[in-house]
Amino acid sequence: MSKAFTKESDADDDDGADGGLPPLPPGGKNYITPQGYARLRDELLSLMDEERPKVVEAVHWAAKNGDRSENGDYLYGKKRLREIDRRIRFLTKRLEVAEVTDPSVHHGSDQVFFGATVEYADPAGEERSVTILGIDEAQSQQAQVSWISPIARALLKAREGDVVKLVTPRGAQEIEVLSVRYPAPGALGSAE
């Protein structure tokens, strides 16, 4: 394959190797829970200590098998090695700037801060619940949102009973904060 059709920015695009995570806000913090930090650190260590050495060994073996241009094991291994290295660089950068914040310090509070699980009602009266977490750990399938998301920004610093304005692509709407919960101190360590 001609070099003209390869992606030149592979080496430069470290933030693109994040699995679709948004970039950190300029000058912003990378807030993360202790559990989120531990998961990212474990992934980094696993990539460096387990997966990367296995792929390097496979690439080394494949390289000894002759013509590299037609060697699928070699070509796939090199590609996988680039992916692993990109993810390692990304995780290293994110962990270096991570600001670990334990949400359990707010246990018992009725004000919304990082790490809160917030129940709210939309204008139609439908009740929803979201947990506000870090950019690198929030999973929308589990009703978790990043602290920089529009819903989190609308809810942050509000209290139970407050009505806040949420700006959406369909226009602004008012939502009511019904309840605010935080994990009990020490409870997060066992819950994954």
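This passage walks through a predicted model of one protein chain, from its overall layout to a few individual residues.

Of its 192 residues, 36% count as buried. Contacts across the sequence feature clearly as well: among contacts in the protein chain with a separation of 6 or more, 60% come from residues 24 or more positions apart.

Five of the strands form an open sheet, and reading across it gives the order S5-S4-S3-S7-S6, with mixed pairing. Strand S5 (144-146) and strand S6 (163-168) each have a single partner strand and stand at the edges, so one side of each lacks a neighbour in the sheet. On average, and with direction ignored, neighbouring strands of this sheet are turned by 45° against each other.

Strand S7 can be followed through its partners on either side. Strand S3 (residues 117-121) is joined to strand S7 (residues 171-181) by 5 bridges, and the two run antiparallel. Within this pairing, Thr117 stands opposite Arg181 in S7, while Val118 has Val180 in S7 as its bridge partner. S6 is likewise antiparallel to S7, with 6 bridges joining them. Here Val164 is found opposite Ile175 in S7. S6 and S7 form a hairpin, and 2 residues lie between them.

Along the way, H1 has a kink of about 40°, centred on Leu47. Leu47 is also one of the buried residues of H1, a group that includes Gln35, Gly36, Leu40 and Leu44 as well as Val55, Val59, Ala62 and Ala63. In an α-helix there are 3.6 residues a turn, so residues three or four places apart point the same way. Leu40, Leu44 and Leu47 are among the buried residues of H1, and the cover over the buried residues of this helix includes strand S1 (30-32) and helix H2 (72-96).

Is Gly134 buried or exposed? Its relative accessibility is 0%, so Gly134 counts as buried. Which residues does Gly134 touch, not counting those up to four places away in sequence? They are Tyr31, Phe114, Ser146 and Trp147.

With a relative accessibility of 12%, which is under the 20% limit, Asp136 counts as buried. The side chain of Asp136 makes a polar contact, at 2.3 Å, with the side chain of Arg94.

Terms used. Residues are numbered from 1 along each chain as its sequence is written. This is a predicted model: local features need pLDDT of at least 70, side-chain atom pairs count only at pLDDT 80 or more; totals for chains, interfaces and linings use all residues. Side-chain values use heavy atoms; hydrogens and water are left out. Two strands pair if DSSP finds at least two bridges between them. Helices (H or I, at least four residues) and strands (E, at least two) are DSSP runs, numbered from the N terminus. Axes are lines fitted to C-alpha atoms, for helices over the stretch in contact, and angles run from 0 to 180 degrees between N-to-C directions. Buried means under 20% relative accessible area, exposed over 50%, partly exposed in between (1.4 Å probe, protein chains only). A polar contact is a pair of N or O atoms within 3.5 Å; within protein, one must be able to donate a hydrogen and the other to accept it, and residues adjacent in sequence count only if both atoms are side-chain atoms. Contact means heavy atoms within 4.5 Å. The bend at a residue is the angle between axes fitted to the seven residues ending there and the seven starting there.
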